[in-house]
Amino acid sequence: MPIYVTVSYAVFCVVPLGLALSIHLRRRRVVRDMRRLEERLSDRGQET
Amino acid sequence: MADHVRTRHNLPRADIVLAALSVIAYVGAMWMVFGYAPREATMGDVQRIFYFHVASAWVGFFGFFVTFVAGVAYLVRGARRWDILAGASAEIGLTFITMTLVTGMLWARPVWGVYWIWEPRLTISAVQWLLYVAYVMLRGSVMEPERQARFAAVYGIVAFVTVPLSWFAIRWWRTIHPIVISGEGMAITSRMVYTLVASLGAFTLVYVTLVRRRTALEQARDDLAALQFARESGEG
């Protein structure tokens, strides 16, 4: 198979996968921050 | 309360199913490209770039169309979800258009002898790519959320003009870019058509999956911002 075809299909596989992974990781970080914040808020609610 | 966050932001089953279907469709389409579609007589195996190149362009254009529609909907209704959809779709569309440009250059080199020619379709594609890069950057640069959303909506509507321009460029002007789909049908064999249709289907599924996940990310960011606001209000 010509190198141009190989590189093209490598691009077609890696880029969408990379985008999906990037979205997943960004969302995981946001959810983790959110969980931490909610725990802190509920702790403060219990104190008062 | 943390459990509440966990439940609300868990990966929905529909998204898991969609992701699995996307992978199956993608692998299936790739099998068709290399194992089912015939070798093209003039270009040889290099022509196999065509299937995913066109599918990628289709998803890019469709993504920009969704940004256009969501932009109009935001201006009419003012609901945040339309702004989220517009931004998510533009980001995914831009990624696919970038792949189209890169693989187009990789296809052009062995066929035309050069990676790039400033002919109408390619010039419009370059302008379109720059416009949507600016769109994504713009969304991150305006601080006031409502102003940003309104500005982005208008920009998304105006930038969409590049999609019909790109489509008609090879029909209106003299260009080196081939016309595969015309009023007289498709200039390829039936096996090639089936492979192209499978590629289009697979890419559309991937687009839907990615847009759903990208909008979920933005919604989670909104929830986080609301929590931070609640915390700051409590401290104040």
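Residues under 20% relative accessible area are taken as buried, and a salt bridge requires a side-chain nitrogen of Lys or Arg within 4 Å of a carboxyl oxygen of Asp or Glu. In this predicted model, B:Glu119 is buried and yet has no salt bridge. B:Glu119 is placed in the loop between α4 and α5 (120–141) of chain B. Its side chain reaches two backbone nitrogens: that of B:Arg121 at 3.2 Å and that of B:Leu122, which lies 2.7 Å from a polar atom of the B:Glu119 side chain. When residues up to four places away in sequence are left out, B:Glu119 touches B:Thr175, B:Ile176 and B:His177.

Confidence was considered next. Chain B has a mean pLDDT of 90, and 92% of its residues reach 70 or more. Among the elements of this chain, the highest mean pLDDT, 97, is found for helix α3 (residues 49–77) of chain B, and the lowest, 58, for helix α1 (residues 2–8) of chain B. Where pLDDT is low, predicted coordinates should not be read in detail. For the complex, the predictor gives an ipTM of 0.87 and a pTM of 0.90.

Over all chains, 13 salt bridges are counted. Side chains of opposite charge can pair when their charged atoms come close. One of these pairs is formed by A:Asp33 and A:Arg36, with an N to O distance of 4.0 Å. Both residues lie in helix α1 (residues 3–47) of chain A, three residues apart, or about one turn of the helix. A:Asp33 is partly exposed at 31% relative accessible area, and A:Arg36 is likewise partly exposed, at 43%.

The side chain of B:Arg80 meets that of B:Glu218 at 3.9 Å, N to O. B:Glu218 lies in helix α8 (residues 190–235) of chain B and B:Arg80 in helix α4 (residues 80–112) of chain B, so this pair ties together parts that are 138 residues apart in sequence. B:Glu218 is buried, with a relative accessible area of 18%, whereas B:Arg80 is partly exposed at 35%. The closest N and O atoms of B:Arg80 and B:Asp222 are 2.8 Å apart in the other salt bridge. This pair also joins α4 and α8 of chain B, and so ties together parts 142 residues apart in sequence. B:Asp222 is partly exposed, at 26% relative accessible area. Through shared partners, salt bridges join A:Arg26, B:Arg80, B:Asp83, B:Glu91, B:Arg139, B:Arg214, B:Glu218, B:Arg221 and B:Asp222 into one network.

The contact between the chains involves 46 residues from chain B and 29 residues from chain A. About 3500 Å² is buried between chain B and chain A, 75% of it on carbon and sulfur atoms. One salt bridge is found across this interface. In the pair B:Glu91 and A:Arg26, the closest N and O atoms are 3.4 Å apart. On the side of chain B that touches chain A, α1, α2 (13–36), α3, α4 and α8 of chain B each supply at least two residues. The most is given by α8(B), with 16 residues.

Methods:
Residues are numbered from 1 along each chain as its sequence is written. Chains are lettered from A and ligands numbered from 1 in the order in which they are written. This is a predicted model: local features need pLDDT of at least 70, side-chain atom pairs count only at pLDDT 80 or more; totals for chains, interfaces and linings use all residues. Side-chain values use heavy atoms; hydrogens and water are left out. Helices (H or I, at least four residues) and strands (E, at least two) are DSSP runs, numbered from the N terminus. Buried means under 20% relative accessible area, exposed over 50%, partly exposed in between (1.4 Å probe, protein chains only). pLDDT is the predictor's confidence in each residue, from 0 to 100. Lys and Arg count as positive and Asp and Glu as negative; His and the chain ends are not counted. A polar contact is a pair of N or O atoms within 3.5 Å; within protein, one must be able to donate a hydrogen and the other to accept it, and residues adjacent in sequence count only if both atoms are side-chain atoms. Contact means heavy atoms within 4.5 Å. Buried area is the accessible area (1.4 Å probe) that two parts lose on being put together, summed over both.
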